[in-house]
Structures are given as C-alpha cells and as structure tokens.
Amino acid sequence: MNKVTCANNAKCANTRGSFRCECEKGFHGNPSKACEDVDECKLMDCGYGQNCTNTPGSFVCSCLKGFHPGHKPGLCTDIDECKTIKSPCGSYNYLSCENKPGTYSCRCNMGYTFNINRRKCEDIDECNEKFTCAENAECSNADGSYSCICPNGYSGDGDNFCDVNGSPSIEAAKAWNLLLVILTSVLLLIPWKM
Ligand SMILES: [Ca+2]
Ligand SMILES: [Ca+2]
C-alpha cells in the first residue's frame with residue numbers, strides 16, 4: 001500500500017474508497033502543498049484589556065499591563081493602582097491619586113511632577129526649562145521651587161528683569177521708588193482732620 005503524505009500541518013482524512021488531505025485546525029492553504037498558520041489576531045479582537053498573541057495553529061489572549069484576570073474566565077479588569085500599590089504617589093508632595101484604565105496618575109503639589117516609573121512626585125528642575133528667569137539672571141533650583149537672582153553688577157527682581165547697574169530702566173526704577181518714598185512722607189506729614 002502506498003503511503004500518503006499530506007503537507008506540513010495537514011492531516012490525512014479517510015473517505016470511502018479514497019482519502020483527502022485537510023489543513024489542521026488553525027492552519028489554512030492547500031493541504032496537498034502547504035498549510036500555513038492562521039493569524040487569528042488579525043481576524044479578531046480579544047476582550048477588553050486583553051492582548052492577542054498569535055501562536056502556530058492557535059492564539060492566546062492575555063491581560064494587558066495594568067489589568068488582571070477578572071472573576072469571569074476570559075475577562076480582564078483594570079487594576080486600581082491607587083488602592084493596590086503601597087504609596088502609589090510616593091510618600092510626600094502629592095495631592096491625589098487617580099485610577100485610569102490600564103494605568104493611574106498622581107496630582108502633585110506645585111513644583112513637583114509625577115514620575116510613574118518611580119511612582120513618586122519629583123521636583124521639577126525649572127532651571128532646565130526655557131525662559132524661567134529673566135535674561136542675565138542666575139537660576140537656582142530647589143526642592144519644590146526655584147529662584148532667579150541677578151548677579152553682581154545687575155539689579156532687578158530676577159524673574160522679570162536683571163539690568164546692568166546704571167542702565168536707564170534701573171535709574172527709572174530707583175527714581176520711581178524715591179518718588180514713592182517722598183509721596184508717602186508728604187502724605188504722612190499732612191495733618192489729617194477727621
Ligand atoms: Ca488602573
Ligand atoms: Ca524645583
């Protein structure tokens with residue numbers, strides 16, 4: 001008797017007086033020549049919060065990162081990181097934790113930003129950002145804040161301006177301050193009668 005060979009991933013099915021080759025489950029093509037794997041992940045979606053992985057002859061649905069198997073088989077549910085992780089926002093400098101599908105985020109105090117990889121609110125280095133201080137000012141980062149200081153030879157508030165000493169704007173600011181002082185003194189000297 002002649003031995004019948006079907007293609008890879010095909011099986012021989014006996015029929016009355018003959019036979020035929022059939023692709024195995026999960027494969028398609030010409031069963032006498034070649035049966036190829038069906039990529040089920042291209043044909044269908046797994047459920048909510050699931051990831052599809054194609055395998056030879058089959059496929060697997062598994063929970064995405066941030067989801068865990070639910071009570072019903074084949075279903076995945078979001079992990080509430082705010083409730084399940086210890087100190088999800090770090091130990092200080094945060095206002096609140098917000099759960100989100102597959103992830104979560106934390107609202108931080110002013111001057112801090114949430115780093116999800118390290119799971120904490122970290123200081124923002126404002127000095128690394130553009131236009132934090134005025135031109136000519138020196139920026140100094142601090143935990144939760146920063147300061148802008150005019151260096152020697154410059155005057156100003158550091159945040160908005162730092163001008164060379166003796167420049168017109170500085171002289172104008174000095175003159176304005178002097179005027180304010182004079183006005184205040186004059187007002188204080190006037191004998192107010194109520
Ligand atoms: Ca979540
Ligand atoms: Ca800072």
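Two residues are taken to be in contact if their C-beta atoms, placed from the backbone, lie within 7 Å. In the predicted model examined here, 24% of the contacts between residues at least 6 apart in sequence join residues at least 24 apart. Buried residues account for 14% of the 194 residues in the chain.

The secondary structure of the chain comprises three helices and 16 strands. Its radius of gyration is 36 Å, well over the 16 Å that the globule rule gives for 194 residues, so the chain is more spread out than a compact globule. Along the principal axes, the C-alpha trace spans about 130 × 40 × 30 Å.

The unreviewed UniProt entry carries the annotation "domain: EGF-like" for residues 2–36, 37–77, 78–122 and 123–163. Over residues 78–122, the corresponding values are 9% helix and 47% strand, and the end C-alpha atoms are 26 Å apart.

Within the stretch annotated as residues 2–36, strand β1 (residues 10–15) pairs with strand β2 (residues 18–23) in the antiparallel sense, over six bridges. Asn 14 stands opposite Phe 19 of β2. Two residues lie between the strands of this hairpin, in which Gly 17 adopts a positive phi near 75 degrees.

Cys 76 belongs to strand β8, which covers residues 76–78. When residues up to four places away in sequence are left out, the residues touched by Cys 76 include Gly 47, Tyr 48, Cys 63, Leu 64 and Phe 67. By contrast, a separation of 69 Å lies between the C-alpha atoms of Cys 76 and Gly 166, which are 90 residues apart along the chain.

Ser 87, in the loop between α2 (81–84) and β9 (94–100), has a positive phi of about 50 degrees although it is not a glycine. The limit for an exposed residue is 12 or fewer C-beta neighbours, so Ser 87, with 11 inside 10 Å, counts as exposed. Phe 131 is located in the loop between β12 (120–123) and β13 (138–142). Its phi is likewise positive, at about 60 degrees, although Phe 131 is not a glycine. With 6 other C-beta atoms within 10 Å, Phe 131 is also exposed.

Terms used:
Residues numbered from 1 in each chain as written. Chains lettered and ligands numbered in written order. Predicted model: local features only at pLDDT ≥ 70, side-chain atom pairs only at ≥ 80, totals over all residues. UniProt positions renumbered as here; feature names shortened; annotations may be inferred. Helix = DSSP H or I, 4+ residues; strand = E, 2+ residues; numbered from the N terminus. Rg over C-alpha atoms; globule rule 2.2 N^0.38 Å. Buried ≥ 20, exposed ≤ 12 C-beta atoms within 10 Å, placed from the backbone. Pairing = 2+ DSSP bridges.
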